[in-house]
Amino acid sequence: MQRSVWRGMLTLVLGLALSGMTAGGAIAQHEHSAAAPHPSHIHAGTCAELDPNPAYPLNDVAAVAPEADASAVEAGVSTVDVALDDLVAGDFAINVHESAENIATYIACGDVAGPIVDGTLVIGLHEQSDSGKAGVAVLSSNDAGGTDVTVYLGTGLAGTVAGTPAAAPAATDEVRVAIVNFAFDAATIEVPVGTTVTWTNDDATPHTATSVDKIWDSNILNQGESFSYTFEEAGTFDYLCSLHPSMVGQVVVTEP
Amino acid sequence: MNRVHSRVIAVVVSLLFTFSMSAVAIAAQGATASPMAGAAHPSHIHKGTCAELDPNPAYPLNDVTQIGDGAVASSTTTVDVSLDDLLASPYAINVHKSAEDISTYVACGDLTGPVVDGELVIGLHQQSDSGMAGVAVLTTNDAGGTDVTVYVVDGLAS
């Protein structure tokens, strides 16, 4: 990841130079464009009470590729010469600024606090200044005793994608579940009421699709054989292969 | 004198034990205060987009579970499909509220964007006013499949 983002950032810089664009121009074009690098630092204090003097500078958070549009996730990778344990023991926060020109405007911030699991701490970066930016920072202890810090920043994460309504199950008449390699290939499916689910055994070994609550039972399906059941009521229905009970599945039936 | 020492030591040990148990109790109380405590969010790659999702999972991902007692939940999964194939047609990563409430989506992100050195990072947008959002990192692995790491943060979209 570190190498890839560095390459992406290098490509971005070269791309900007070749195209004659400046970061300032990009900012003018779109206030929070993915092309505008965002300075970032670890500060002493918390997001609520931040020491404005950076304690540890981080590399800019920037577009990962020149072709990235404004909705793409931006990233920055850094290594800081301080142990993760020391960062967590004190009060520190990661702060992302709008731009070098507008350094006083904070666009995302997260307190360096939380559980360290296997040498890694993941924190949320919360929106600041109505920037529309939020994200995640991953801090990992490295072999040199320092900390590798990767910052991911997304745009508009608080809203559904492109302002569209939340996804809802589509109305479908029939859904197929294959039985292959001693497993139901879609262990959990979600269907509207009235959907017919068809299980087909693609294994050389016989299997069944049997409701845990005895609502339906395919009986033994040899290779190539199928069984169908139409779900007329909403609910969550667990099933298994009665010959191999470790093979389990679930059908979630929702109101259309 | 030895008896006095023993009593002093016993009192000190007792106080230390009481203090440590109180600390454990406080820590446990703090842990349960998290709204994500114990939550496991089923997650899948679906065909379609977040706006128009095929409800049948195309590739199951491991449940997104809370990291320790923090506000971040994560999962890592390897799926047997190349990143190029995932980008060749519309796919989305969808995170559900729970196995019991699987029809409620809490975060979703379309698989689209620039791939740099075999890696794609996408945003996971809040769904159903969950207050949850995050990112997913998809990386091509040596076997030709894709490693998918999902990070979701409670309260990020609040």
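Among the elements of chain A, the lowest mean pLDDT, 30, belongs to helix 2 (residues 23-29) of chain A, and the highest, 96, to helix 3 (residues 84-89) of chain A. pLDDT is the predictor's confidence in each residue, from 0 to 100. Helices here are DSSP runs of H or I with at least four residues, strands are runs of E with at least two, and both are numbered from the N terminus.

This is a predicted model, in which local features need pLDDT of at least 70 and side-chain atom pairs count only at pLDDT 80 or more, while totals for chains, interfaces and linings use all residues. Residues are numbered from 1 along each chain as its sequence is written, and chains are lettered from A and ligands numbered from 1 in the order in which they are written.

For chain A the mean pLDDT is 80, with 80% of its residues at 70 or more. Residues 1-34 of chain A stay under 50, and the model has 53 contacts for them beyond four places in sequence. A contact means two C-beta atoms, placed from the backbone, within 7 Å. Residues 161-171 of chain A are also below 50 in pLDDT, with 28 contacts beyond near neighbours in sequence.

Now the sheet. In chain A, 8 strands close into a barrel, in the order 1-2-3-8-7-6-5-4, with antiparallel pairing. Two strands pair if DSSP finds at least two bridges between them. Strand 7 (residues 133-141) and strand 8 (residues 147-155) of chain A run antiparallel and are joined by 9 bridges. A:V138 stands opposite A:T150 in strand 8 of chain A.

Chain B has 2 helices and 8 strands, in the sequence pattern α-β-β-β-α-β-β-β-β-β. Of its 158 residues, 44% count as buried. Buried means 20 or more other C-beta atoms within 10 Å of the residue's own, exposed means 12 or fewer, and partly exposed lies in between, with C-beta atoms placed from the backbone.

Last, the angles. Most residues other than glycine have a negative phi. A:K214 has a positive phi, near 60°, and is found in the loop between strand 12 (210-211) and strand 13 (226-230) of chain A. A:K214 counts as exposed because it has 7 C-beta neighbours inside 10 Å. In chain B, the phi of B:S128 is positive too, near 55°. B:S128 is found in the loop between strand 6 (119-126) and strand 7 (132-140) of chain B. With 18 other C-beta atoms within 10 Å, B:S128 is partly exposed.
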